[in-house]
Amino acid sequence: MRRWFLLLLALITSFQVFSSSALACNCIADPYSKKYIYYKKTWYGTKRKWTCEYKCQDLRQQQTIVVGTHEDWYVSDKGLEGICDGLHYVNRYNNYVQDFVWALEEARYFDASESTAAELKKWNSESCR
């Protein structure tokens, strides 16, 4: 019985260390930092390139501002094109325009290794491994 208790305690401790280190290395977007650096609209779609500022925290709890560059091609505009990683939008009814519009609900922390921005992936590989 005591051996099982010690094994369980060791597993819980190792899980806590693993989860705290995984949660300690993350980024969050500044929702007001987005800047379009390229925007070309044609009859068949839109090519967009934009930057966003991210506040990233490494395993030693040090914070760094990383500017990530994103690029994508969109066939239609539905309101969620060209957003920064980690931003959560909801579709709400707007009385002024009398239609549903996408509105920023919150910025969420995310794993930089899953970003589409090469700068965030590079920061993650240098600071979080």
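Q: Accessible areas are those from the Shrake-Rupley method with a 1.4 Å probe. What does the accessible surface of the protein chain come to here?
A: This is a predicted model. The accessible surface of its protein chain is about 9500 Å², and carbon and sulfur atoms hold 56% of that.

Q: How many of the residues are buried, as a percentage?
A: Of the 129 residues in the protein chain, 27% are buried.

Q: What's the order of helices and strands?
A: The protein chain has two helices and six strands. Along the sequence they run α-β-β-β-β-β-β-α.

Q: How many disulfides are there?
A: The structure holds three. If the bonded cysteines are numbered in sequence order, they pair 1-6, 2-4 and 3-5.

Q: Start with Cys-25. Which residue is its disulfide partner?
A: Cys-128, with the two sulfur atoms 1.6 Å apart.

Q: Is Cys-25 buried or exposed, and why?
A: Buried, because its relative accessibility is 7% and the cut-off for buried is under 20%. Cys-128 is also buried, with a relative accessible area of 7%.

Q: And what does Cys-27 pair with?
A: Cys-27 forms a disulfide with Cys-56, and their sulfur atoms are 2.1 Å apart. Cys-27 sits in strand 1 and Cys-56 in strand 3, so this pair joins parts 29 residues apart in sequence.

Q: Is that one right-handed or left-handed, and why?
A: The disulfide of Cys-27 and Cys-56 is right-handed, because the torsion about its S-S bond is about 110 degrees. The link of Cys-52 and Cys-84 is left-handed, with -80 degrees.

Q: What does Cys-27 touch?
A: Leaving out residues up to four places away in sequence, its contacts include Tyr-54, Arg-108, Phe-110, Leu-120 and Trp-123.

Q: Last one. How do strand 5 and strand 6 pair?
A: Antiparallel, over eight bridges. Asn-91 stands opposite Trp-102 in strand 6. The two strands form a hairpin with four residues between them, and Gln-98 in the turn has a positive phi of about 55 degrees.

Methods
Residues numbered from 1 in each chain as written. Predicted model: local features only at pLDDT ≥ 70, side-chain atom pairs only at ≥ 80, totals over all residues. Heavy atoms only, no water. Contact = heavy atoms within 4.5 Å. Pairing = 2+ DSSP bridges. Buried < 20%, exposed > 50% of the residue type's maximum accessible area, 1.4 Å probe, protein only. Disulfide = S-S within 2.5 Å.
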